[in-house]
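Have the viewer open while you read.

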Amino acid sequence: MSKERIDFDERIDRINTSCIKYDFAAERGKPEGILPLWVADMDFKVPQPVLDALKDRVEHGIFGYSEGKEAYFDAVKGWMMRRHGWSIERNWLVKTPGVVFALAMAVKAYTKPGDGIMIQQPVYYPFSEVIKDNGRKIVDNTLYLGEDGIYHMDLDDFEKKAAENQVKLFFLCSPHNPVGRVWTSKELTRLGGICERLDIIVVSDEIHQDFVFKGEHQVFAAISDKFRNRTITCTAPSKTFNVAGLQISNIFISNPELRRKFKKEIAASGYSQLNALGLTACEAAYRYGESWHDQLIEYLKENVRFVHNYLKENLPEIKLIEPDGTYLIWLDFRGLGLSEQEREDLIVKKAGLWLDSGAMFGPVGEGFERINIACPRSVIVEALNKLTAAIKNL
């Protein structure tokens, strides 16, 4: 494992690389030249061992139908055990091109049109999209912002709404995007008990499991055999190692009947073999990327600390919801007293920033903004200085 120090301060020009983050502002209704801190990919090069593995694969020169063998599973299994204390079995693994694809497959596999599916807004907006686009009903167990400045689950409300709406499926976001909560074992155990009593299948999106600053990530399915037996656990190297474009996710389903139904929907979608380079990157990342990732976490912690201090000193009207994890921070802009449109004009037209408006994560997200801090600190400094100048000129 490489111990080389990684320079996360290096600014890498991504313009004209066909990346959504930098090259598609005009197509998405934003001004050219806007500084983007929205979509959840990082502005850091992947670990060198991953680049080396990809180069070797490319130099071979043939990219036919590919599949992961024992070495691939061993790399994934090793990572899950070392980093999360979770022992997985090979027959649980179903590989997909992405977690959102897996969410859609779960909707089709375990519910029928008109069924209620529970989510906890404000939450990653594709949750709502795959529910609505497949003709199912959103049932929202809204998270609430406590006096302690962090978000909590209202589990009494969860149980009530789940029973009233005959909820069959629940999308758990753990760690939570965008509010940054790393749910505790106690919270998840109580939640799982409700799902067990009401016979609710849990799709646990744990794609941000490797970004934890406070506490520890608890794999939901690892709490008990009963929980595991009703859970589809969604993971991927895409966020952890910045390989989203290679389209590889690892989905774990220990229940044979749930796994059969899930795989049947994948077959019905017409999807089969995965991206050959995605398989290569995933195996190399989980096998050799640990040192790089450890350094990344320390850098991101400093980015969070920097934002906290900057806002406190320069923009006290904007409150940081202190994150337990993820590299997506949730900022409360309500202290500025602006309407949705006024805030959008301030951020986009006056500050020249492209952020994710909180409203897209559900109505309860109005007044908030999600910002990606997985970038060189100089980018964050530039963005916050732009925002400060725009606010002072209001």
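This is a predicted model: local features need pLDDT of at least 70, side-chain atom pairs count only at pLDDT 80 or more; totals for chains, interfaces and linings use all residues.

## Overall build

Along the principal axes, the C-alpha trace spans about 60 × 60 × 40 Å.

## Surface, burial and charge

Of the 394 residues, 56% count as buried. The accessible surface comes to about 17100 Å², and carbon and sulfur atoms account for 49% of that. On the charge side, there are 51 positive and 56 negative charges, and their mean positions sit 4 Å apart.

What about the reach of the contacts along the chain? Taking contacts between residues at least 6 apart in sequence, 74% join residues at least 24 apart.

## The largest core

In soluble globular proteins, nonpolar side chains tend to be buried together. Here the largest nonpolar core has 69 residues, and the ones with the most contacts inside it are Phe44, Ile318, Tyr327, Leu353 and Leu387. Elements giving two or more residues to this core are the helices α2 (48-60), α3 (70-84), α11 (276-288), α12 (290-314), α13 (340-350) and α14 (377-392), plus the strand β12 (328-332). Which element gives the most? That's α12, with nine residues.

Setting aside neighbours within four places in sequence, Phe44 is in contact with Phe8, Asn242, Trp292, Leu296, Tyr299, Leu300, Ala374, Cys375 and Pro376.

## The second core and Ala106

There's also a second, separate core of 30 residues, which includes Val94, Leu103, Val203 and Phe262. Two of those names come up again around Ala106: leaving out residues up to four places away in sequence, Ala106 touches Thr111, Leu169, Val203 and Phe262. Ala106 itself is in helix α4 (residues 99-110).

Is Ala106 buried or exposed? Its relative accessible area is 0%, so it counts as buried.

Asn134 is in the loop between α5 (126-133) and β4 (137-140). With a relative accessible area of 18%, Asn134 falls under the 20% cut-off and therefore counts as buried. Beyond residues up to four places away in sequence, Asn134 touches Ala104, Val107 and Lys108.

Lys263 belongs to helix α10 (residues 256-269). At a relative accessible area of 47%, Lys263 is partly exposed. The C-alpha atoms of Lys263 and Ala109 are separated by 8.6 Å, though the two residues are 154 residues apart along the chain.

## Two cis peptide bonds in one loop

Most residues other than glycine have a negative phi, and most peptide bonds are trans. With that in mind, have a look at the stretch between β7 (169-173) and α7 (185-197), where Pro175 is placed. A cis peptide bond joins Ser174 and Pro175, with omega about -5°.

Where is Pro178? Pro178 is also in the loop between β7 and α7. The bond joining Asn177 and Pro178 is cis too, and its omega is about 20°.

## Positive phi values

Asp199 has a phi near 55°, a positive value in a residue other than glycine. Asp199 sits in the loop between α7 and β8 (201-205), and it is exposed, with a relative accessible area of 54%.

Gln247 is another non-glycine residue with positive phi, its value being near 55°. Its place is the loop between α9 (238-241) and β10 (249-252). Gln247 is partly exposed, with a relative accessible area of 44%.

Note on methods. Residues are numbered from 1 along each chain as its sequence is written. Side-chain values use heavy atoms; hydrogens and water are left out. A nonpolar core is a set of buried Ala, Val, Leu, Ile, Met, Phe, Trp, Tyr and Cys residues joined through side-chain atoms within 4.5 Å. Buried means under 20% relative accessible area, exposed over 50%, partly exposed in between (1.4 Å probe, protein chains only). Helices (H or I, at least four residues) and strands (E, at least two) are DSSP runs, numbered from the N terminus. Contact means heavy atoms within 4.5 Å. Accessible areas come from the Shrake-Rupley method with a 1.4 Å probe; for residues, only the protein chains shown count as cover. Lys and Arg count as positive and Asp and Glu as negative; His and the chain ends are not counted. The place of a charge is taken as NZ of Lys, CZ of Arg, CG of Asp or CD of Glu.
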